Amino acid sequence: MQPKALQISSLLEHAATHHPDVEIVSHLGAGRSQRTDWRTVAQRARRLASALGRLGMEPGARVATLAWNTHRHLELYFGVSGAGSILHTVNPRLFTEQIRYIVNHAADDYLFFDLGFAPLVAELAPSLPSVKAFVALCRREELPALSLAQPLLCYEDLVAGGDEHFDWPALPEDTASSLCYTSGTTGHPKGVLYSHRSTVLHCWTACAADGLGLRARDSVLLAVPMFHVNAWGIPYAAAMCGAKLVLPGPDVSGERLFALMKDEGCTFSLGVPTVWLGFFQYLESLPEAARHELRLERVVVGGSAAPRAIIEKFERLLGVYVIQAWGMTETSPLATIGNLLPRHEVLPLAERYGVQARQGRAIFGVEIAVFDAEGQRLPIGAPRAGELKVRGPWVVSAYYGNEPGSALDADGWFATGDVAMIDADGFVQITDRSKDVIKSGGEWISSIDLENAAVGHPLVKEAAVIGVRHDKWQERPLLIVVPKEGATVSGPEILDFMKDRVARWWLPDDVVFVDELPHTATGKLLKTRLREQFAAHRLPGDPPAG
Ligand code: AMP
């Protein structure tokens with residue numbers, strides 16, 4: 001067979017040749033949008049790549065972005081990696097200090113930014129010595145007035161001055177293509193460097209029928225940010241299959257997502273649970289007839305456990321099938337995907353939701369296994385939870401800057417830090433992050449299961465469960481609830497609702513109400529903060545300390 005290397009540029013050229021007129025719709029904020037297509041994205045990505053070469057960008061250079069989901073960010077995905085450089089998508093929701101750390105750790109050569117981040121760039125620029133130039137993602141007349149020591153360039157000028165017939169270099173397939181840092185709830189964020197090979201292989205999973213099933217007939221609303229693990233690989237996969245992409249820019253409010261879904265005939269969407277909570281809050285405020293204006297068929301929920309309430313609402317209100325997927329920055333991210341087996345198709349809905357609330361089955365390419373506290377591998381179907389480990393060609397080997405293989409154990413497994421069980425059908429159930437699991441009297445209580453049960457209550461908007469110190473049991477669960485706007489609900493009412501949904505001894509010992517919960521930069525509950533906040537909380541019935 002031909003020794004053709006797997007390359008990101010070939011995904012784009014495929015889309016430009018075979019799906020040239022398929023639209024890319026980009027919402028730029030402030031009511032402005034841009035309509036382009038795969039042919040134009042390819043032309044502009046080639047121009048960009050040639051312009052970066054003229055600037056003196058070397059192969060392997062790091063190009064950072066502080067940007068929302070737009071057509072320009074999409075062009076950078078292909079133009080930078082296709083040219084042999086590394087696209088480093090920086091999460092702008094991180095603390096300024098973390099962004100500074102990340103850009104310096106990666107020693108980024110260029111930084112491209114959306115205009116909304118101009119003040120942040122002005123603040124950071126003096127402490128980013130590796131950055132040779134900043135590039136504003138705008139037209140010349142929109143260029144912000146920034147006084148920087150390094151040059152400030154205009155993106156549209158770069159593209160206009162580039163060569164649309166630029167030939168993509170032939171790169172070995174293990175050439176590095178992009179870089180993402182973990183959101184890091186503790187310690188410094190760590191970098192994961194993807195390759196052309198890992199990215200293209202991962203794409204096939206997004207397009208496979210028992211993967212995410214992405215295809216040319218889909219119009220995809222990308223509600224997951226392009227700075228969160230390469231937007232779960234969808235920009236590349238959409239080029240592979242020629243899907244239409246709808247990019248929401250900075251606004252992922254329920255109202256905006258609904259409008260885009262309706263106007264662009266979206267059939268497929270992806271996002272973290274918090275985004276969908278906002279979406280349903282808006283949808284449920286509309287007259288029922290509005291729901292029939294959507295053509296949505298499938299939605300991928302990942303990044304945190306998909307609460308059963310979300311799975312049910314999608315099905316009941318919109319007839320949409322929720323595919324739950326589990327993965328992490330270290331796994332590119334797709335690793336397990338929740339598609340049904342034949343025997344699940346005939347299950348009563350309530351039971352089927354239970355299957356969908358699990359994190360799905362292994363897909364070819366990622367081996368998964370659960371290990372107990374003694375390091376013994378548990379057989380599939382074992383009724384016990386343990387640490388989930390993974391290995392495969394799109395799983396990290398070492399964090400950026402570390403020795404190859406240094407993130408793995410002796411057998412090549414990467415320990416995910418997630419606690420999981422694998423049922424007899426091979427469905428993974430993540431019960432916790434190992435540091436979030438509640439250890440009560442030698443037994444483990446899943447904070448995720450309790451949170452899912454609590455958000456099933458019709459008056460609960462969001463819920464978090466943490467373990468707090470207990471004299472007798474070592475730790476017991478504390479439920480922290482954000483009620484729906486305008487709703488009044490009591491702790492006993494919520495616990496009463498939960499009692500048939502979880503084991504009795506798991507029921508939280510106390511319920512507290514808050515106006516909002518802290519989240520990480522990728523929308524996960526920030527439990528470290530909650531643990532600090534409630535460190536001194538005394539549970540009813542637990543004698544005062546000392
Ligand atoms: P990140 O690298 O920021 O995407 O975070 C990865 C972590 O998010 C995983 O290790 C899990 O703890 C969590 N996660 C991702 N997807 C899911 C899911 N479907 N259910 C439960 N936890 C998830």
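Which residue has a polar backbone atom 3.3 Å from a nitrogen atom of the ligand? Select Ala-305 to see that backbone atom. Residue numbers start from 1 along each chain as its sequence is written. The model is predicted, so local features need pLDDT of at least 70 and side-chain atom pairs count only at pLDDT 80 or more, while totals for chains, interfaces and linings use all residues; side-chain values use heavy atoms, without hydrogens and water.

**Stop 1: the ligand**

The shell holds 15 residues; a residue is near a molecule if one of its heavy atoms lies within 4 Å of it. The closest are Gln-324, Ala-325, Thr-329, Asp-418 and Arg-433.

Now colour the shell by type. The shell has 4 nonpolar, 8 polar and 3 charged residues. Here Ala, Val, Leu, Ile, Met, Phe, Trp, Tyr, Cys and Pro count as nonpolar, Asp, Glu, Lys and Arg as charged, and the others, Gly among them, as polar.

Select strand β14, residues 321-327. This strand gives the largest share of the shell, 4 residues. Helices (H or I, at least four residues) and strands (E, at least two) are DSSP runs, numbered from the N terminus.

Next, pick out individual atom pairs. The side chain of Gln-324 places an N or O atom 3.0 Å from a nitrogen atom of the ligand. A polar side-chain atom of Lys-524 is 3.1 Å from an oxygen atom of the ligand. Taken alone, the ligand exposes 500 Å², and the protein buries 93% of that. These areas come from the Shrake-Rupley method with a 1.4 Å probe; for residues, only the protein chains shown count as cover.

**Stop 2**

Select His-202 in helix α7, residues 196-207. Is His-202 buried or exposed? His-202 counts as buried because its relative accessible area is 3%. The classes are buried under 20% relative accessible area, exposed over 50%, and partly exposed in between (1.4 Å probe, protein chains only).

Show the polar contacts of this side chain. A polar contact is a pair of N or O atoms within 3.5 Å; within protein, one must be able to donate a hydrogen and the other to accept it, and residues adjacent in sequence count only if both atoms are side-chain atoms. One polar atom of the His-202 side chain is 3.3 Å from the backbone oxygen of Ser-332. The His-202 side chain also reaches the backbone nitrogen of Leu-334, at 2.9 Å.

Move to the bond between Ser-332 and Pro-333. This peptide bond is cis, with omega near 10°. Pro-333 sits in the loop between β14 and β15 (334-337).

Beyond four places in sequence, His-202 has contacts that include Trp-232, Pro-333 and Trp-394. Contact means heavy atoms within 4.5 Å.

**Stop 3: helix α8**

Go on to Trp-232, in helix α8. Its phi is positive, about 60°, although Trp-232 is not a glycine. Trp-232 is buried, at 6% relative accessible area.

Select Ala-231 in the helix at residues 229-232. Ala-231 has a positive phi of about 50° and is not a glycine either. Ala-231 is buried, at 0% relative accessibility.

**Stop 4**

Select Lys-527 in helix α17, residues 527-533. With a relative accessible area of 7%, Lys-527 is buried. Its side chain makes a polar contact with the side chain of Ser-447, at 2.9 Å. The Lys-527 side chain also reaches the backbone oxygen of Val-465 at 3.4 Å. Glu-451 is one of the residues that Lys-527 touches.

Now show helix α15, residues 447-455. In α15, 8 of its 9 residues are buried. Among them are Ser-447 and Glu-451.

**Stop 5: the cores**

Finish with the largest nonpolar core, which has 125 residues. A nonpolar core is a set of buried Ala, Val, Leu, Ile, Met, Phe, Trp, Tyr and Cys residues joined through side-chain atoms within 4.5 Å. Trp-38, Phe-78, Phe-112, Phe-279 and Phe-314 have the most contacts inside this core. Helix α2, residues 38-55, supplies the largest share of the core, 8 residues.

Select Phe-78. Its contacts beyond four places in sequence include Trp-38, Trp-168 and Tyr-236. Another core lies apart, with 29 residues, among them Ile-86, Ile-102, Ala-125 and Tyr-181.
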